[in-house]
Amino acid sequence: MRWSRKKAKGADSEAVLAQLQGKFSHFVGLLECNSRSLKTIGDMEEKAQGDYLFDINYIRTSYNDVVSDIDRIITHLSALGDGKYGDLRDRFNTIRKNIGALLPGNKEITRDDYTVAYDSLGRENADSVGSKNAQLGEMKSRLGLPVPEGFAITAWAYRHFVSANDLQSRINEKLSELDIRQYSDLVTVSEQIQAMVVASPVPQDLEAAILRSYNDLIARAPSERFSLRSSALGEDTLFSFAGQYATFLNVPEEELVARYRDVLASKFTPKAIYYLLSHDLSESELAMSVGCVSMIDAAVSGVIYTRDPVEPDNGCLVVNSIYGLGKYLVDGRLTPDTFHVSRDDFLLDHATLAVKPVCLVIDLEGGTVEEPVADFLQKEASLTEAQLRRLAEYAMKLEEHYDCPQDIEWAIDRAGKIYILQSRPLRVLRCGIVASEPDIDTLRVLIDHGTPVCPGIGGGPVYQVRSTQDLARVPNNAVLVAPGPFPGLITVMGKISALVTCVGGMASHLATIAREFRMPTLMGVEQAADLPNGKEITVDACRGTIFDGLQRELIEVRRVDEEIFDDTGIFAILESMLTYIAPLNLLDPTSPEFVTDNCHTLHDITRFAHQKAMDEMFAVAAGVKRQQDVGVLLKSTIPLQVKIIYIDREYDEYASQKYVPEDDMKSLPMAAFWKGIHTEGWPSHTPTASVKGFMGVIGTTVAKGGVNGFSENSFAVLGETYMMLSLRMGYHFTTVEAMCTEDTSRNFIRMQYKEGGATIDRRIRRIKLISDILQEMGFENHSRADFLDTLITYCDCDTIEQKLTLLGRLTILTKQLDMALSTDQVAAWYTRDIMVKLGLKTRDEETA
Amino acid sequence: MQRILVVDDEPHMLKLMERIITEKTTFHIDCTSTPLEVPDMLARTTYDLIVTDLKMPGMDGMDILHYVNDRDRWEKVIIMTAFGSMEKALEALSSGVFDYITKPFKKEQIIFTINRAMRWQSIKREMLQMSRAFDSEPYERATEVFKREYVRRLLEKHDNDHGAVARKTGLSEEIIARLATDESAETDS
């Protein structure tokens, strides 16, 4: 056997090494998936900003990419944690299920009664009764507005009808044998399926429910005429596209059930059939609700725009009206009267009257009929000022309720009662009002090479921050300039107008957060550090440019441009999916809230897994030091005993060597760190320790039971792009872990300082000194008493190397410094002194 | 007005295209999510540009391209492809597609491509009109007409002084006399 041919020491080392190498490969794999999944999430967020056109295929592909990467992340993590984190996969599956339900074709039909009266509906019922029905219910029950009486036949009823007749499989069968070459093929199949639906009996219990609701309706509705029409189950379904569908007016009781079935059948248009085929969807996508509504015998009808579409800011709402039913207005047959009514006091501002020679009215025989308008009425205003006031009042109520301008259909019956028939968001474009985009060639460019991370344009005074501590004083609407995308920045996203960082890129956690906030963000802008505080600038994160001054027109034009796609179905799908994907709830890894149960989004899962993977790798690599006999000694002029093992080299390859030479360590990060150690050199004397300080050392040592700590070896686990160094110097125990690759998003340095020799107050001073210096270097610190855990991420390879060299120097400069830190003043002096030595501050800054 | 037909089996995409083309250009746009309708639509209307998705069952983007090419129709075709169908895109290019664009794309990208195609079409239309003008009249005769007009204006300017016009143009007085006198004969014939 292989192990028996080796010396015991070799076999032992090999086992340790094999374990380490296994874990390391999971660690690297996890980092890779993590970085890729964040990039995909970032890409999806970018597409949601309104700059791109994309299709459902894009959403599916990107989502599947993210899911498969996170699936791998969890696999890697549980391998790293030896089976721990099983509950993370449960969380993952729950989130996936929520997101999956948002994709077209995956929507489950909501269980409900077969019929529901409008009185008990609200917009939350849209999944069951469709948006038209739900909205009538909402206007009636929540806003107390006069709407026609009626009831909804739910999607659940549709499902019942379909399954009772086994329609799903019969339709799918028809579709599967279809090889379309001609439009006429589609028409044929469409006709066959419609015939199939019409020939299917409505189940008795459903029929009974419909008739019961109908009788209830007759009892309370003033009208005796009712219409049946379909109600779309949401923006993202086929309804919005399938084209014409049947609406039946003036339906008598005995035909109600048959007409209901006709409405269902009417959905299987050639267009709808083609859509099912081309998207590989089943007919459940066509699930529909139908509304039975009492018809208003309209004397006057029209629409209201709560803002003037031509001049949105003129303070008026616009009412259009004609005699009779609204159809002639909607299809443009007649020019309506136009009334401009003040949005504030509902008084008529001005009216433009039209000649209205005819009108469309309900025919008693069924259907509608055109009638002439009496001569004396043709040129008269079709509405009184009192009616206008009442309409305006209702309209503003709707705008307030839905929180955006509305396009409202209304009618007034022959008894003079007003009804609101429908209300939907009105797209108001201010493009025509706002001056077109200013000539950017005339603007002074301050910086022109930033990487746009989230498109948009924002402006305001510059506010420079160096770390989390500075964030408390950030003024509103400032342009925040930070050295890198550190997570703390999330706390000010709500108040700033743009974000600029000197380093960092698309895949950082903060980048996804910036996009979630739609915060115009530029990263990788080195010179931004030189922008003076308070200077007004405009950040154009579409072009990657920073302009001098506050360019209001530029900002406004961009804002309008962003909104072009806001109300489209596909954006709604992507945005609703992103709410389960992009937001980050897990912010602080040291918080007790940083647990699996608080992972609410896919981003949370990656954040959690990334942190835990680092912890696990750290624990594994740091744990190796206990294996006394493993590794090969580093040969160095520095008197430090460091044993090395490699995770990416065969043990045999170097175990036969007596030493690893310090000028050929085959590890990029370790070489950088060691260079720092050499720069300072081993001190010939430690800073003067006072007697009290020395006594402290003795005291602590004795209390801990001996001086064993002095003899323990330092240990390094190295790879070409990885280092994990456990360094024992005197009483201080330092662990430095770093990754240094071409992929910025995988790079990091993590350092832990533990256990000092002196009394606790001196040790705390030393931790504070090191924290202050590390913070100046851009690290994020978490310290507890005399333990410090610090981390920096998202730096390019060069930056990581530079920082490691500084850490090497810092290690020597602070060696046993706690002995000397007798007072806070002394500690402060050392802090400044070391910062100057490391080039983080100049002498001038120090004296200033 | 220049007209565009957009074909994509995904209605979502059509809605976005309709929105962006309506708001950012002055072109008239028709849409269909059922490519099998395209032959009928083309029988009714001549478009300047067809923007079509590549992968669709029944009749795909390449079929539409060939349909237009085989019938020598006026339309230019732009094909929208999903990321990764580069091979098809290249095939389309060699079959005479005006351009292709990879989904997802930026608003500016599609507007730029559409404007470029429309400019191409209006230049082509102008050229056609010009060559039609030239076709209707032999070239030599057009030149003759031009010269006569030139000389007539010069004579007018120089009070019918044939000598002065000859010096100015470098033509002999004889030719000038002919161009000036033949005019009526030409017009009459």
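Colleague: Which residue of β6(B) stands opposite A:Leu53, and what makes β1(A) and β6(B) a pair?

Modeller: A:Leu53 has B:Phe105 opposite it in β6(B). Strands pair if DSSP finds at least two bridges between them. Strand β1(A) and strand β6 (residues 105-106) of chain B are linked over 2 bridges in the antiparallel sense, so they count as a pair. The model is predicted: local features need pLDDT of at least 70 and side-chain atom pairs pLDDT 80 or more, while totals for chains, interfaces and linings use all residues. Residues are numbered from 1 along each chain as its sequence is written, and chains are lettered from A and ligands numbered from 1 in the order in which they are written.

Colleague: How many residues of chain A are in contact with chain B, and how do you know?

Modeller: Contact requires that the C-beta atoms of two residues, placed from the backbone, lie within 7 Å. By that rule 27 residues of chain A are in contact with 26 residues of chain B. On the side of chain A, two or more residues come from each of β1 (52-53), α2, α7 (183-198), α10 (270-278) and α16 (569-578). Helix α10(A) gives the most, with 6 residues. By class, this side has 16 nonpolar, 6 polar and 5 charged residues. Here Ala, Val, Leu, Ile, Met, Phe, Trp, Tyr, Cys and Pro count as nonpolar, Asp, Glu, Lys and Arg as charged, and the others, Gly among them, as polar.

Colleague: Why are α2(A) and α3(A) called roughly antiparallel?

Modeller: Their axes, which are lines fitted to C-alpha atoms over the stretch in contact, are compared by an angle from 0 to 180 degrees between N-to-C directions. Angles under 35 degrees count as roughly parallel, over 145 as roughly antiparallel, 65 to 115 as roughly perpendicular and the rest as oblique. Helix α2 (residues 56-80) and helix α3 (residues 86-100) of chain A cross at roughly 170°, with their axes coming within 10 Å. The two helices are therefore roughly antiparallel to each other. Residues making this contact include A:Tyr63, A:Val67 and A:Ile70 of α2(A), and A:Leu88, A:Phe92 and A:Ile99 of α3(A). The contact comprises 8 nonpolar, 2 polar and 2 charged residues.

Colleague: Why are β14 and β15 of chain A said to stand at the edges of their sheet?

Modeller: The sheet is open, with 8 strands in the order β14-β21-β20-β16-β17-β18-β19-β15 (chain A) and mixed pairing. Strands β14 (445-447) and β15 (451-454) each have a single partner strand, so one side of each has no neighbour in the sheet. On average, neighbouring strands here are turned by 35° against each other, direction ignored. Within the sheet, β16 (residues 457-464) and β20 (residues 536-540) of chain A pair in the antiparallel sense over 5 bridges, and A:Gly458 has A:Val539 in β20(A) as its bridge partner.

Colleague: How many helices and strands does chain B have, and what makes a run of residues count as one?

Modeller: A helix is a DSSP run of H or I with at least four residues, a strand is a run of E with at least two, and both are numbered from the N terminus. Chain B has 8 helices and 6 strands on that basis.

Colleague: Which strands of chain B form its open sheet, and in what order?

Modeller: The 5 strands follow the order β2-β1-β3-β4-β5 (chain B), with parallel pairing. Strands β2 (28-32) and β5 are the edge strands, each pairing on one side only. The twist from one strand to the next averages 20°. Strands β3 (residues 49-53) and β4 (residues 76-82) of chain B run parallel and are joined by 5 bridges; B:Thr52 is bridged to B:Ile79 in β4(B). Helix α1 (residues 11-24) of chain B lies across β1 (3-7), β2 and β3, at about 180° to β2(B). Helix α4 (residues 86-94) of chain B lies across β4 and β5, at about 170° to β4(B).

Colleague: How does the radius of gyration of chain B stand against that of a compact globule?

Modeller: The radius is taken over C-alpha atoms, and the globule rule is 2.2 Å times the number of residues to the power 0.38. For 189 residues a compact globule would be near 16 Å, but chain B has 26 Å. The C-alpha trace of chain B spans about 75 × 30 × 30 Å along its principal axes.

Colleague: Where do the domains of chain B lie?

Modeller: An automatic or database assignment supplies the bounds: domain 1 is 3-136 and domain 2 is 139-188. Their C-alpha centres lie 50 Å apart.
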